[in-house]
Amino acid sequence: MADITRRLGWRHLRGAPTAHIRHHRGGKLLHDGPGLSFWFRALTAALSEVPVDDRELAMTFHARTSDFQDVTVQSTVTYRISDPALAAGRLDFSVDPDTGAWRGTPLEQLGTLLTETAQQHALDVLARTSLSAALVDGVTAVRERVAAGLAAEPRLPATGIEVVAVRVVALRPEPEVERALRTPAREQIQQEADRATYERRAVAVERERTIAENELASQIELARREEQLVEQRGTNARREAEEHAAADAVRAGAEAARSVKLAEAEAERSVKLGEAEATRSLKLAEAEAARSVQLARAEAEGVREVGAARAQAQEAWLRVHADVDVATLHALTGTRLAENLPHIDSVTISPDVLTGLLARLGTPRDPA
C-alpha cells in the first residue's frame, strides 16, 4: 500500500520499489514506474498501484481418479505481474488518494483466475489416472500438466501475468483409503519382522548352548586353578605375616625413638616459655607499681592544693563579714534562705482556710 501524506490541500505519494505507480490527470499519464515519489491533488488525480514482486499462491483442491477415488492436491504457484500497464487496464488496481488503499480486490481476482486454471488441468490429468498410479507418479504428472496449462493459458499474458514456478506439495487419498493401502505393506513388514525374530531366537538358542558348554569347561578349569591358588595364597600369607612382624618391630623402635625426642623438645620448649613468661610478668608488675606510686603522689598533691584553696577562701569570707553588724548578717541570712527555697508557681486556698482566716481577722484582740 502506498504511503500518502496530506499537506494543505496537496497529497504526497511515496511508493515502494516493488510497487508500480501510474498517475493520470485529465486522461494524461504523468507518472509511471516503481518506487515513485511525487505531489498531486486528490480531486484531479487517478492513481493505481500494481505490485511487481514475486507472489506465492497456495491452493488446495479435491479431485477424483479414474477408479473413482477422492484425492487432495496441495500445490503452490509463484507468479508476478510482468506488464503493470496491461494489468492496470484489465484489473482494478486503483487506490484511494487519501489512504493509499486499493478500491477493489485485484489480487483476489488474480488468485481466483490462477486457482481455477490450475485446478482444471489437475482434474483433467487425475481423471485419467488410477489411484495407485496417482500416488506413485501423480505429483510429477500434475505439476507438469499444471505448469504447461498455465503457460498455455491465453488470459494470463493478456492480463500481464507471468507464472514463475509451479510446485505440487502433496497428493493424498482419503484417510480410510490410505489406511487400506498401508495394510498390505504393514502385513508384509510384520511377516518379515516375525521371520527375523524366529531366526534370531534360533541363533540365540544355539549361542546359549555353546556358551553353556564353554562355561562348564571354564568352571572345570577354574576349579583346578582355584586349588593352585589356595595353595599359593597360604604360602603368600605366611611370608606376608613374617614380613609384617619384622616391619612392626622396626616401626616400634622408630616410634619409640621419635617419642623420646619429641618429649625432650617439648620439655625444653616449656622451660623456655616459663622463663620468658616470668620475666614478662615481673616487668609488668614493676611498671604497674611505679605507675600506682605516681598516681598516688599526684592525687595527694591535688588534695593538698584544694584544701589550701578552700581554707584561704573561708578565711577571706570571715574577714569580709567580721565588721558587719548583726542586722545585716540577719538580712543576708534571710536572702540566702530565700534563694535556696523551692520555686512556687501557684498557691491554692481552700474555702475552709479562707473562712478561718476571716474569722480571726474579725475577732478583736485582747488589749491585755
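Is His-12 buried or exposed? At 19% relative accessibility, His-12 falls in the buried class, where buried means under 20% relative accessible area, exposed over 50% and partly exposed in between, with a 1.4 Å probe and protein chains only. The model is a predicted one, in which local features need pLDDT of at least 70 and side-chain atom pairs count only at pLDDT 80 or more, while totals for chains, interfaces and linings use all residues. Residues are numbered from 1 along each chain as its sequence is written, and side-chain values use heavy atoms, with hydrogens and water left out.

Contact is taken as heavy atoms within 4.5 Å. Not counting residues up to four places away in sequence, His-12 touches Asp-3, Ile-4 and Thr-5, and also Ser-37, Phe-38, Trp-39 and Phe-40. With Ser-37 there is a side-chain polar contact of 3.0 Å; such a contact is a pair of N or O atoms within 3.5 Å, where within protein one must be able to donate a hydrogen and the other to accept it, and residues adjacent in sequence count only if both atoms are side-chain atoms.

The sheet around this residue is open and has three strands, in the order S1-S2-S5 with antiparallel pairing. Two strands pair if DSSP finds at least two bridges between them. Strand S1 (3-7) and strand S5 (37-40) each have a single partner strand, so one side of each is left without a neighbour in the sheet. Direction ignored, neighbouring strands here are turned by 20° against each other on average; axes are lines fitted to C-alpha atoms, for helices over the stretch in contact, and angles run from 0 to 180 degrees between N-to-C directions. Five bridges link S1 to S2 (residues 10-14) in the antiparallel sense, and Thr-5 stands opposite His-12. Elsewhere, strand S3 (residues 19-25) pairs with S6 over seven bridges, again antiparallel, with Ile-21 opposite Glu-49. Six of the seven residues of S6 (residues 45-51) are buried.

Another open sheet of three strands runs in the order S7-S8-S9, with antiparallel pairing. S7 and S9 are its edge strands, each pairing on one side only, and the twist averages 20° from one strand to the next. S7 and S8 share 10 bridges, and His-62 stands opposite Thr-72 in S8. Helix H2 packs on this sheet, touching S7, S8 and S9, and its direction makes about 40° with that of S7. Helix H3 also packs on the sheet, touching S8 and S9, at about 165° to the direction of S9.

These elements also feature in the nonpolar interior. A nonpolar core is a set of buried Ala, Val, Leu, Ile, Met, Phe, Trp, Tyr and Cys residues joined through side-chain atoms within 4.5 Å. The largest core has 30 residues, and Leu-126 and Val-142 have the most contacts inside it. Strands S7 (55-64), S8 (70-81) and S9 (161-173), together with helices H2 (106-126) and H3 (131-152), are the elements that give two or more residues to this core. H2 gives the most, with seven residues. Leaving aside neighbours within four places in sequence, the contacts of Leu-126 include Val-71, Val-73, Ala-134, Val-142 and Leu-171. A second, separate core of nine residues includes Leu-13, Phe-38, Leu-47 and Val-95.

Charged pairs complete the picture. The structure holds 21 salt bridges, each a side-chain nitrogen of Lys or Arg within 4 Å of a carboxyl oxygen of Asp or Glu. One of them joins Asp-53 and Arg-55 at 3.5 Å, N to O; Asp-53 is partly exposed at 26% relative accessibility, and Arg-55 is partly exposed at 29%. In helix H5 (residues 175-321), Arg-209 and Glu-206 lie three residues apart, about one turn of the helix, and their closest N and O atoms are 2.4 Å apart in a salt bridge. Also in H5, Arg-225 and Glu-221 are four residues apart and form a salt bridge at 2.9 Å. Arg-225 counts as exposed at 53%, whereas Glu-221 is partly exposed at 28%. Finally, salt bridges that share partners join Asp-54, Arg-80 and Glu-162 into one network.
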